[in-house]
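Reader: I would like to go through this model with you, one site at a time. Could we begin with how its elements are named?

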Amino acid sequence: MSLPEIDGEHLLSTLAQLGRLGGLEGGGVCRLALTDEDKAGRDWVVGQMRELGMQVTVDGIGNVVGLHAGREDLPPVMTGSHIDTVRTGGLYDGNYGVLAGLEVVRALRKAGLRTRRPLAVAFFTNEEGARFAPDMMGSLVFQGDLALDAALATRGIDGTTVAENLERIGYRGEAPTGTATVGSFVELHIEQGPVLDLEGITIGAVEGVQGISWTELTLAGTSNHAGTTPMRFRHDAGLVAARIACFARDLAREMGGDQVATVGALNLFPNLVNVIPNRAVFTVDLRNTVSTLLADAERRLWAFADEASAAEGVTLSRRPLARFEPVAFDPALIGLVETTARELGYSVRRMPSGAGHDAQILARVCPAAMIFVPSVAGLSHNVREHTEPADLIAGARVLLHVLVQLAEQQPDQ
Ligand code: HGY
Ligand code: MN
Ligand code: MN
């Protein structure tokens, strides 16, 4: 089958259009999961799917799947990603994989081509996990490892539940969850790190995703007067939070390798200039490509946190928010991404993913892999996130060829 070209201009224009929904003054996007901005983005992408004649389904957690029928009624080859963003989001994180998937369908449709297997393009609810933990919530429910009821009951950082918000934006769908059969899943995504950009390589054939550990820590101390309380009488929750954050950074530096540690959210109470904080609520994000090292990092950090809390006479409680073991993608699919990129004339290298992705969840139920394109200066979760148009188009071309090869494969291949 000779394949049509991706309409690069159209891809760039849809990225810009979607980026205006939840667009920020001066650039960037804030489309937190299940907000009105997310609804606007969802409605717009569903409109694009319908314009392409796709059959659109919405499941109980709001995952949206557009289906481009195949010549045969077989489990689809699926692509896609997410369209929810963090508060300082860019145009491409997640959005690019969804819109490039639609561009593949658009090119095939224009050429009057129908692949043997159906092609599905999905966007999963709440991949970021920034408002409602865990991340990859939608794909976990889609694949069956997170019960729909538990996900719906999840309360976010603003105290409202997933169910309330899904209903408010009209995306608590009817399609069942945890039952879909997917033939294979390939996610196209920006790297969100510096490797491809630094090495001047166009395509990443992603071998897997590193382990992720998210925890919320709550420290309870004693509020007291900042001026009259001698240092030796203090039980300062803010101090202990700061010491844990510094220890996390030093621990990651000392462990080296792929170990990273981040205290991303930190709230002090009563958060006033002249009151010793009696409460600190903050998050720790630990990641490593090696499972045992990630467990080591957790063990050492919690030991320090316990010791620092006891020394200051504050109490510590921990609430796990997310925990994912490292995932290895399907070797045959990784090879297909690599050879396809080479055949199309692109430089390519194998690499791990530092960020979490829906593909790591789909990998539990079908062969899965990812295609990366460079992030300029490795910036992401930053309004200045950028990928060069030529690289965006290159990734979409590789996606088209990989999806069609998978969709034309005989069942026993
Ligand atoms: O946190 C992550 O790795 C992803 O952006 N959800
Ligand atoms: Mn993403
Ligand atoms: Mn992200």
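Predicted model: local features only at pLDDT ≥ 70, side-chain atom pairs only at ≥ 80, totals over all residues.

Reader: Which peptide bond has omega near 0°?
Author: That is the bond from phenylalanine 269 to proline 270, which is cis. Proline 270 sits in the loop between β10 (266-269) and β11 (275-276).

Reader: And which residue has a positive phi although it is not a glycine?
Author: Leucine 34 does, with a phi of about 70°. Its place is in the loop between α1 (8-19) and α2 (36-51). As background, most residues other than glycine have a negative phi, and most peptide bonds are trans.

Reader: Turning to the metals, what coordinates the manganese ion (ligand 2)?
Author: The donors are His82 (NE2), Asp93 (OD) and His189 (NE2), at 2.1 to 2.3 Å. Along the sequence, these donor residues are spaced H-x10-D-x95-H. Histidine 82 and aspartate 93 are both in the loop between β3 (77-81) and α3 (95-110), 11 residues apart.

Reader: What about the manganese ion (ligand 3)?
Author: Asp93 (OD), Glu128 (OE), Glu128 (OE) and His381 (NE2) coordinate the manganese ion (ligand 3), at 2.1 to 2.6 Å. The spacing of the donors along the chain is D-x34-E-x252-H.

Reader: Why does the pair of aspartate 93 and histidine 381 tie together parts that are apart in sequence?
Author: Aspartate 93 lies in the loop between β3 and α3, while histidine 381 lies in the loop between β16 (368-373) and α12 (389-408), so the pair connects parts that are 288 residues apart in sequence.

Reader: How far apart are the manganese ion (ligand 2) and the manganese ion (ligand 3), and which residue bridges them?
Author: They lie 3.6 Å apart, and aspartate 93 bridges them.

Reader: Next, ligand 1: which residues surround it?
Author: The surrounding residues are Glu127, Glu128, Asp135, Trp214, Arg287, Ala355, Gly356 and His381. By class, this shell has four charged, two polar and two nonpolar residues.

Reader: What are the distances from oxygen atoms of ligand 1 to arginine 287, glycine 356 and glutamate 128?
Author: For arginine 287, an N or O atom in the side chain is 2.6 Å from an oxygen atom of ligand 1. For glycine 356, a backbone N or O atom is 2.7 Å from an oxygen atom of the ligand. For glutamate 128, a polar side-chain atom is 2.9 Å from an oxygen atom of ligand 1. The protein covers 95% of the 210 Å² of accessible area that ligand 1 has on its own.

Reader: Finally, how much space lies in the second largest pocket?
Author: That pocket holds about 310 Å³. It is lined by 15 residues, and the closest to its centre are Thr57, Val65, Met78, Phe142 and Ala180. The elements that give two or more residues to this lining are β1 (55-58) and β2 (64-68).

Reader: How is that lining made up by class?
Author: The lining of the second largest pocket has nine nonpolar, five polar and one charged residues.

Conventions
Residues numbered from 1 in each chain as written. Chains lettered and ligands numbered in written order. Heavy atoms only, no water. Near = heavy atom within 4 Å. Polar contact = N/O pair within 3.5 Å; in protein donor to acceptor, adjacent residues only side chain to side chain. Areas by Shrake-Rupley, 256 points an atom, 1.4 Å probe, with all protein chains shown as cover. Nonpolar A, V, L, I, M, F, W, Y, C, P; charged D, E, K, R; others polar. 1 Å grid on protein atoms, 1.4 Å probe; cavity = no way out; pocket = protein on both sides within 12 Å on 5 of 7 lines; lining within 4 Å. Points joined across faces, edges and corners; volume = space filled by probe spheres on them. Helix = DSSP H or I, 4+ residues; strand = E, 2+ residues; numbered from the N terminus. Donors = N, O, S within 2.8 Å, 3.2 Å for Na, K, Ca; no water.
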